[in-house]
Amino acid sequence: MAEKLGEEEFMEELCNGFRLLVDQQKGVITFESLKRNLGVLGLKGMSDDEIREMLEEGDIDKDGCLNQMEFCVLMFRLSPGLMDGSRRWLQQALGKHCY
């Protein structure tokens with residue numbers, strides 16, 4: 001996907017994914033906001049425990065939710081093919097804010 005879109009469009013897609021899942025009042029992806037949007041992701045049948053596991057996997061600072069950076073890092077980790085040649089994109093993402 002990153003190869004087809006180019007780095008700018010790919011990073012924008014990651015930002016769009018974050019905005020889709022974020023709790024608008026808290027500015028992070030919470031258990032509730034993720035559960036509410038599972039249908040959009042095609043994961044409607046996930047259990048609460050599976051949702052918690054997904055959050056825990058990406059929750060670097062252990063605050064129980066995903067901020068934008070944690071979400072982007074998780075997406076890279078879940079898609080190993082993205083890491084091939086994409087270190088430059090990740091470095092640029094760390095320097096840019098997609099709000």
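Colleague: What should I know about the source and numbering?

Modeller: It is a predicted model, where local features need pLDDT of at least 70, side-chain atom pairs count only at pLDDT 80 or more, and totals for chains, interfaces and linings use all residues. Residues are numbered from 1 along each chain as its sequence is written, and side-chain values use heavy atoms, with hydrogens and water left out.

Colleague: How many helices and strands?

Modeller: Eight helices and zero strands. Helices are DSSP runs of H or I with at least four residues, strands are E runs of at least two, and numbering starts at the N terminus.

Colleague: And how much of the protein is buried?

Modeller: Buried residues are 38% of the 99. Buried is under 20% relative accessible area, exposed is over 50%, and partly exposed is in between (1.4 Å probe, protein chains only).

Colleague: Switching topic. How many salt bridges?

Modeller: Three. The cut-off is a side-chain nitrogen of Lys or Arg within 4 Å of a carboxyl oxygen of Asp or Glu.

Colleague: Which residue pairs with Lys35?

Modeller: Asp48, with the closest N and O atoms 2.8 Å apart. Asp48 is in helix α5 and Lys35 in helix α3 (residues 31-36), so the bridge ties together parts 13 residues apart in sequence. Asp48 is partly exposed at 29% relative accessibility, and Lys35 is partly exposed at 40%.

Colleague: What does Arg52 pair with?

Modeller: Asp49, at 3.7 Å between the closest N and O atoms. Arg52 and Asp49 sit three residues apart in helix α5, about one helical turn. Arg52 is partly exposed at 38%, whereas Asp49 is exposed at 53%.

Colleague: Which side chain does Glu12 meet?

Modeller: Arg19, in a salt bridge of 2.8 Å, N to O. Glu12 is partly exposed, with a relative accessible area of 37%. Arg19 is partly exposed too, at 30%.

Colleague: Last one. Which contacts span the sequence?

Modeller: Of the contacts with a separation of 6 or more, 42% are between residues 24 or more positions apart. A contact is heavy atoms within 4.5 Å.
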